[in-house]
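Good morning, and thank you for making time for this.

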Amino acid sequence: MIRVVAKFQLKPEEKLPARALFEELIAATRKEYGCAGYDLAQSTEDENLLVVLESWESQEALDVHGKSEHFTRIVPQLVEMCQNPPMIDSFIQII
């Protein structure tokens with residue numbers, strides 16, 4: 001299992017428009033082959049810090065996701081709504 005944590009520090013004025021884009025991205029991604037989980041969470045300390053928590057059955061499934069129409073269209077828009085570039089970390093589940 002591959003786990004991905006993607007942190008998005010949004011500009012305050014972009015929070016609502018970004019949420020609509022995240023909803024579209026998440027709905028489409030959850031239908032992808034190999035997606036075991038794709039959720040959006042908000043920091044309890046900073047309402048503009050959103051985190052996408054992803055679970056993928058394989059690296060291949062994650063690679064296909066990165067080339068999908070919805071990902072390549074929506075994620076660049078989300079990046080523009082951020083104060084800083086998103087921070088993305090990947091992990092391999094060991095237990």
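Before I name any neighbours, let me say that contact here means heavy atoms within 4.5 Å. What you see is a predicted model, in which local features need pLDDT of at least 70, side-chain atom pairs count only at pLDDT 80 or more, and totals for chains, interfaces and linings use all residues. Residues are numbered from 1 along each chain as its sequence is written, and side-chain values use heavy atoms, with hydrogens and water left out.

I begin with F22. Helices (H or I, at least four residues) and strands (E, at least two) are DSSP runs, numbered from the N terminus, and on that basis F22 lies in helix α1. Is F22 buried or exposed? For this I use relative accessible area with a 1.4 Å probe and protein chains only: buried means under 20%, exposed over 50%, and partly exposed in between. F22 counts as buried, because its relative accessibility is 1%. Leaving aside residues up to four places away in sequence, F22 touches F8, L40, L50, V52 and L78.

F22 brings us to the core. A nonpolar core is a set of buried Ala, Val, Leu, Ile, Met, Phe, Trp, Tyr and Cys residues joined through side-chain atoms within 4.5 Å. The largest such core has 22 residues, and those with the most contacts inside it are F8, F22, Y38, W56 and L78. Two or more residues come from each of β1, α1 (15-29), β2, β3, α2 and α3 (69-80). Which element gives the largest share? That is α1, with 5 residues. L78, for its part, touches F8, A18, L21, F22 and L25, again not counting residues up to four places away in sequence.

Let me turn to the sheet. Two strands pair if DSSP finds at least two bridges between them. The sheet is open and has 4 strands in the order β2-β3-β1-β4, paired in antiparallel fashion. Its edge strands are β2 (35-42) and β4 (87-92), each of which pairs on one side only. On average, neighbouring strands are turned by 15° against each other, direction ignored; axes are lines fitted to C-alpha atoms, for helices over the stretch in contact, and angles run from 0 to 180 degrees between N-to-C directions.

Strand β1 (residues 2-9) is joined to β3 (residues 49-56) by 8 bridges. Within that pairing, R3 stands opposite S55, and F8 has L50 as its bridge partner. Towards β4, β1 is joined by 6 bridges, also antiparallel. There V5 has D89 as its bridge partner, and V4 stands opposite S90. How many of the 6 residues of β4 are buried? The count is 0, and β4 is hardly covered. Helix α2 (residues 59-66), by contrast, lies across β1, β2 and β3, at about 130° to β3.

H70 is placed in helix α3. H70 counts as buried because its relative accessibility is 12%. The side chains of H70 and T29 are joined by a polar contact of 3.5 Å, and among the residues that H70 touches are L25, A28 and E32.

S43 lies in the loop between β2 and β3, and counts as partly exposed because its relative accessibility is 24%. The side chain of S43 reaches the backbone nitrogen of E45 at 3.0 Å.

I close with the cysteines. C35 counts as buried because its relative accessibility is 15%, and C82 is buried because its relative accessible area is 6%. A disulfide is a pair of cysteine sulfur atoms within 2.5 Å, and a search of the whole structure finds 0 disulfides. Thank you.

How values were computed:
A polar contact is a pair of N or O atoms within 3.5 Å; within protein, one must be able to donate a hydrogen and the other to accept it, and residues adjacent in sequence count only if both atoms are side-chain atoms.
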